[in-house]
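Colleague: I have a model open beside its sequence, and I would like to learn how to read it feature by feature. Could we go through it together?

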Amino acid sequence: MQNYQNENPFDFYGSLYWVKKINTMYFILVHRYPAPIRYPLIEIQNSVSDYQQLKSMRNPIYFSYICTFIFITLLILFLSIWCAFYFARGLVRPIQELLGAMMQIRNGNWDVKINYHPDNDLNHLTHGFNDMTNALKMAQIQLNEKNREMMLILENISASVFLVNKYGRIVTSNIPGQKMILSFSGASECKNKKINIFGPEIKNKIVELTRELIKTQKQSIIKEISFSHHGENKTFMIHLAKINIEHSLEATEKGLLIFIEDLTDIVKINTLKTWQEAAKQMAHEVKNPLTPIQISTQRLQRKYSDALNNDPIFIDCTNIILEQVKTIKDLVSHFSKFASMPQLFLEPANINELITQTIRLYQVSYPEINIILNLDHAITDMKLDKKKIRRVFTNLLDNSIRAIQQEQTQKDYKPFIKIQTRFIKHQNKIEILFIDSGPGISKTIQNKLFMPYVSTDKKNMGLGLAIVRDIIEQMGGKIELEKSEIQQKVQQMGEYQKLGARFKIELPVNILKI
């Protein structure tokens with residue numbers, strides 16, 4: 001055994017040693033392996049030492065790698081998200097502009113445009129959208145123009161037009177339709193109202209026609225109806241057509257388009273024309289044999305009166321024949337006047353003066369009747385057919401006097417006829433009122449009063465008012481019977497007097513004024 005003291009440190013690598021401490025001293029026993037064994041052991045020990053060193057450094061290196069990986073991953077993720085937002089912004093911004101433009105178009109702004117972005121991938125879509133907007137704007141302009149033309153037509157036709165949905169409510173109507181509703185029900189607004197607002201007669205007919213449409217699977221149907229409304233006969237033509245009501249591009253519902261045309265005046269005119277033709281034919285057929293009968297009867301009187309010693313029976317019979325011939329001639333004259341109304345002969349005249357001149361004879365002939373004049377002196381000279389206007393006043397006065405005389409005499413009032421004229425400046429027309437205290441007009445004939453051969457007097461032919469209406473209409477005016485309570489009493493000229501018939505004549509000043 002060798003002892004080393006105060007020399008270089010002993011190399012224990014590749015040796016087997018034993019160490020023991022005794023008090024303050026260490027006893028070490030060392031056995032060095034041979035060189036062939038020692039050097040491999042040294043290498044093994046060095047390797048183990050290196051391994052232990054590396055093992056101690058494993059966790060810091062592992063965490064450093066993990067941190068580096070996480071950092072690189074987050075960096076790549078951030079760059080990816082940033083790139084995605086960058087490219088998405090180039091796609092989303094034009095789409096957002098498209099959505100905004102579509103909302104504006106939906107709200108009715110057809111002038112909206114999308115700005116061009118040369119570097120945008122949706123540039124072609126932008127061009128296409130702007131072209132589409134221009135096309136839609138032009139289509140909307142054309143559609144609005146068509147709608148204006150259609151509304152102009154609907155507002156200026158005489159027929160009433162209603163759009164009714166499947167629930168039986170009115171969606172919209174034209175102006176004549178609103179006027180019809182106003183006259184029938186008094187309602188100023190018909191939108192969203194049920195068809196009951198038409199009144200029972202029209203409503204029942206519409207329901208009946210609707211059921212027939214459904215049953216027969218037809219697209220449209222048309223029927224003529226006649227009914228009485230407030231004592232006046234009405235004739236309407238009702239036309240129903242199935243349509244689809246479009247609330248939007250997706251929402252549609254079935255509905256009805258209802259055309260209602262008032263044929264009352266046309267029916268009256270046709271009836272009047274028929275009567276005129278009949279009167280013309282009757283006048284022609286009856287007039288021809290009257291003259292030979294009259295001449296022959298007069299010749300018989302001259303030739304046989306002396307021979308028969310003026311036999312009373314012969315004289316009476318021939319006189320009766322002559323009187324009846326005269327009566328028939330008067331009838332023929334009425335027929336002729338009614339059948340052919342001559343052309344107007346207009347000349348300057350004052351209607352107040354014509355009324356005053358016409359009533360003078362009646363004031364003298366009928367002193368028991370108080371004829372009251374209330375004339376508007378603001379009325380100036382106009383171009384009138386004097387002869388026909390006098391005929392109008394004469395017929396109306398004759399009718400009033402005849403009605404007053406037929407009524408039983410009352411002690412609590414004096415019968416009267418009142419004639420009133422008024423110039424209505426804002427309507428540019430003249431209004432003439434004929435009012436009497438007679439029994440008035442029966443409700444049963446009020447709606448056909450101006451038709452031929454309608455009269456409350458069995459001895460009267462009933463042509464007077466028909467002729468009066470023809471004359472007034474020739475002059476561009478109108479005449480109507482105003483509804484009034486027959487038994488209503490009013491205070492007139494300090495006395496209580498009964499109100500009977502009340503006729504109103506309207507003449508347009510713009511046609512007749514000089």
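Colleague: How many helices and strands does the protein chain have?

Modeller: This is a predicted model, and its protein chain has 11 helices and 16 strands. Of the 514 residues, 32% count as buried, and among contacts with a separation of 6 or more, 59% join residues 24 or more positions apart.

Colleague: Which residues of the largest nonpolar core touch the most other members?

Modeller: In soluble globular proteins, nonpolar side chains tend to be buried together. Here the largest nonpolar core holds 41 residues, and Phe 393, Ile 432 and Phe 503 touch the most other members. Several elements give two or more residues to this core, including α8 (351-365), β12 (429-436) and β16 (502-508), while α9 supplies the largest share, seven residues. Setting aside neighbours within four places in sequence, Phe 393 is in contact with Ile 351, Leu 354, Ile 355, Thr 358, Ile 432 and Phe 434. Apart from this core lies another, of 24 residues, which includes Cys 190, Ile 221, Ile 238 and Ile 258.

Colleague: Which residues make the nonpolar surface patch of about 960 Å²?

Modeller: The patch is made by Tyr 62, Phe 63, Ile 66, Phe 69, Ile 70, Leu 74, Leu 77, Ile 81 and Phe 85. One of them, Leu 77, is found in helix α2 (residues 58-106), and Leu 77 counts as partly exposed because its relative accessibility is 48%.

Colleague: How many disulfides does a search of the whole structure find?

Modeller: A disulfide is a covalent bond between the sulfur atoms of two cysteines. The search of the whole structure finds zero disulfides. As for individual cysteines, Cys 67 is exposed, with a relative accessible area of 52%, whereas Cys 317 counts as partly exposed at 44%.

Colleague: Which parts does the salt bridge between Lys 478 and Glu 506 tie together?

Modeller: The closest N and O atoms of Lys 478 and Glu 506 are 3.9 Å apart. Lys 478 lies in strand β13 and Glu 506 in strand β16, so this pair ties together parts that are 28 residues apart in sequence. Lys 478 counts as partly exposed at 42% relative accessibility, but Glu 506 counts as buried at 10%. By contrast, Arg 469 and Glu 473, which also form a salt bridge, both lie in helix α10, four residues apart, about one turn of the helix.

Colleague: Which residues are linked in a network of salt bridges?

Modeller: The network links Lys 429, Lys 478, Glu 480, Glu 482, Arg 502, Lys 504 and Glu 506. Within that group, Glu 482 forms a salt bridge with Arg 502, their closest N and O atoms being 2.3 Å apart.

Notes. Residues numbered from 1 in each chain as written. Predicted model: local features only at pLDDT ≥ 70, side-chain atom pairs only at ≥ 80, totals over all residues. Heavy atoms only, no water. Core = buried A, V, L, I, M, F, W, Y, C linked by side-chain atoms within 4.5 Å. Buried < 20%, exposed > 50% of the residue type's maximum accessible area, 1.4 Å probe, protein only. Contact = heavy atoms within 4.5 Å. Patch = residues over 30% accessible without salt bridge, like charges linked within 9 Å, V, L, I, M, F, W, Y side chains within 5 Å. Areas by Shrake-Rupley, 256 points an atom, 1.4 Å probe, with all protein chains shown as cover. Salt bridge = Lys/Arg side-chain N within 4 Å of Asp/Glu carboxyl O. Disulfide = S-S within 2.5 Å.
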